[in-house]
Amino acid sequence: MATTKKKAVRKAKKGQRIRQVAAIPFRLREDGGLEVLLVTSRTTRRFIVPKGWPMKGKSGRRAATIEAREEAGVLGKSLKRPAGTYSYWKRMTDGFIRVDVSVYLLQVTEELADWREAANRQRAWLPPADAALLIDEPELSTLLRDLTIPAADPS
């Protein structure tokens, strides 16, 4: 993934927009209420959704599912269509770059007790409106606040 990041930084320095993929892991409580999973970032410890660079040979949907497993320790089924997009300024060692993110919903079927980035991140299940209050990126906050799960997804 380091090569993809370096390539993205080169593109950004040339003024090109770069992209990432993200997952919004979700579950339904027994009472039917919706909850989403946020994780803390490794450096700033802010709450975010699991996200990362596109992966060669993998769809955006598949890459988002892999990021959710690595960063949040959850497994599940991602919905076929993106739930939306947002843009943010990514902090790099020598400045910031603008990133466009495609977001996929991931219906969580299993929560792992131990996962790849468990030592570096905390996770929190929250109602979407509460999660939206913890997110710094305005477009992602709005996406979470207004989140609805499609009744049936032809995945």
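**Helix H2 and its surroundings**

Tutor: Helix H2 covers residues 60–72, which makes 13 residues, and its first and last C-alpha atoms lie 17 Å apart, close to the 18 Å expected at 1.5 Å a residue. The model is a predicted one.

Ten of the 13 residues of H2 are buried, so the helix is largely enclosed by the rest of the structure. The buried ones are Gly 60, Ala 63, Ala 64, Thr 65, Ile 66, Glu 67, Ala 68, Glu 70, Glu 71 and Ala 72. An α-helix has 3.6 residues a turn, so residues three or four places apart point the same way.

Just after H2 comes Gly 73, with a positive phi of about 70°. Most residues other than glycine have a negative phi. Arg 45 is a residue other than glycine that has a positive phi, near 65°. Arg 45 sits in the loop between E2 and strand E3 (47–48), and this arginine is partly exposed, with a relative accessible area of 39%.

Val 74 belongs to strand E5. This valine is buried, with a relative accessible area of 1%. Its C-alpha is 11 Å from that of Ala 64, ten residues away along the chain. Setting aside residues up to four places away in sequence, Val 74 touches Ala 68 and Arg 69, as well as Pro 25, Leu 37, Leu 106, Val 108, Glu 110, Glu 111 and Arg 123.

In soluble globular proteins, nonpolar side chains tend to be buried together. The largest nonpolar core here has 27 residues, of which Ile 24 and Leu 144 touch the most other members. Two or more residues of this core come from each of E1, E2, strand E6 (84–92), E7, E8, helix H3 (128–134) and helix H4 (138–145). E7 gives the largest share, five residues. Leu 144 is in contact with Ile 24, Val 36, Leu 38, Pro 128, Ala 131, Ala 132 and Ile 135, leaving aside its neighbours within four places in sequence. Another core, of 16 residues, lies apart from the largest one and has Val 21, Leu 37, Met 55 and Val 108 among its members. Leu 37 and Val 108 are also among the residues that Val 74 touches.

Methods:
Residues numbered from 1 in each chain as written. Predicted model: local features only at pLDDT ≥ 70, side-chain atom pairs only at ≥ 80, totals over all residues. Heavy atoms only, no water. Helix = DSSP H or I, 4+ residues; strand = E, 2+ residues; numbered from the N terminus. Expected span 1.5 Å × (residues − 1). Buried < 20%, exposed > 50% of the residue type's maximum accessible area, 1.4 Å probe, protein only. Core = buried A, V, L, I, M, F, W, Y, C linked by side-chain atoms within 4.5 Å. Contact = heavy atoms within 4.5 Å.
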